[in-house]
Amino acid sequence: MLIIPVLDLSRGLVVHAKQGDRKRYQPVISDISSSPEPDSVLSAFLELYPFKIIYIADLDAIQGTGNQSAIIKELSLTYSQCEFWVDAGIEAVLDHKSHYRINNVKLILGSENKMTSELISDILNKNPEIILSLDFSESGLLDNSYLLEDTILWPKKIVVMMLHKVGLNKGVDIDCLSNILNLGHHHHIFSAGGVQNMKDLIQLNEIGVKGVLLASALHNGSVTKDDLYLLAKQ
């Protein structure tokens, strides 16, 4: 199972994502990085473990208040050994000349964007490497409920983004995740939100999750370097 560290970027810094309330995110306070500067945080992640995939949310681009494309480009060039999964909103996906279109960058299409099934089908036919993020709140999937009824629209890789669990360290929404695993048994399912510790990671590995996005548990030391190397052996 892959562990994928997360950088949530806003106004040039890494911020602490919590329950999808983006307007209230503050610069991250980390036990492993002395600064919320993106390069400092990413370097700290890579000192823990040689991660192959890094997830970045450009929160400014998602909210339409600017973008962090220059920082993301710099990181992708500096850490060229890594693949970067970038959620920069639907405009980045639709813009074929987007600044995010770099060799080691894969774009995320979030279901929180209002889209017709025809638009999603067209986007994925033209960009088969795009990763679909199924974005959930406590009430269920955010918009585009038809995506849970017609999995033929799904690309190979799916992120189950449990926004109501992000940043809380209070456990994963197993019911939500299990439902997606049942629907998408031919897909690679990645979990995001709620991981507390190694026990949660072992459980996710056992139910067949392909990978897990992590931020808080790495910053606060709930998941350690030893844990990461132990998990890699399983």
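Modeller: Buried means under 20% relative accessible area, exposed means over 50%, and partly exposed lies in between, with a 1.4 Å probe and protein chains only. Strands (E, at least two residues) and helices (H or I, at least four) are DSSP runs numbered from the N terminus. This is a predicted model, where local features need pLDDT of at least 70 and side-chain atom pairs count only at pLDDT 80 or more, while totals for chains, interfaces and linings use all residues. Residues are numbered from 1 along each chain as its sequence is written, and side-chain values use heavy atoms, with hydrogens and water left out.

Biologist: How many residues of strand 9 are buried?

Modeller: Five of the six in residues 157-162, so strand 9 is largely enclosed by the rest of the structure.

Biologist: Which strands does strand 9 pair with?

Modeller: Strand 7 and strand 9 run parallel, joined by five bridges; pairing requires that DSSP find at least two bridges between two strands. Phe136 has Met162 of strand 9 as its bridge partner. Strand 10 (residues 188-192) is also parallel to strand 9, again with five bridges, and Val159 sits opposite Phe190 there.

Biologist: Switching to helix 1. Which residues are buried?

Modeller: Within residues 38-48, they are Pro38, Val41, Leu42, Ala44, Phe45 and Leu48. Looking down the axis of helix 1, these fall within an arc of 155°, so they line one face. The arc is taken over directions from the helix axis to the C-beta atoms.

Biologist: What lines the second largest pocket?

Modeller: The lining residues are Tyr100, Arg101, Ile102, Val105, Lys106, Leu107, Asn127, Pro128, Glu129 and Ile130. A pocket is an open set of points on a 1 Å grid over the protein atoms alone, with protein on both sides within 12 Å along at least five of seven lines, and a lining residue has an atom within 4 Å of a point.

Biologist: How much space is in that pocket?

Modeller: About 150 Å³, counted as the space filled by probe spheres set on the points.

Notes
On a 1 Å grid over the protein atoms alone, a cavity is a set of points where a 1.4 Å probe fits but cannot get out, and a pocket is an open set with protein on both sides within 12 Å along at least five of seven lines; lining residues have an atom within 4 Å of a point.
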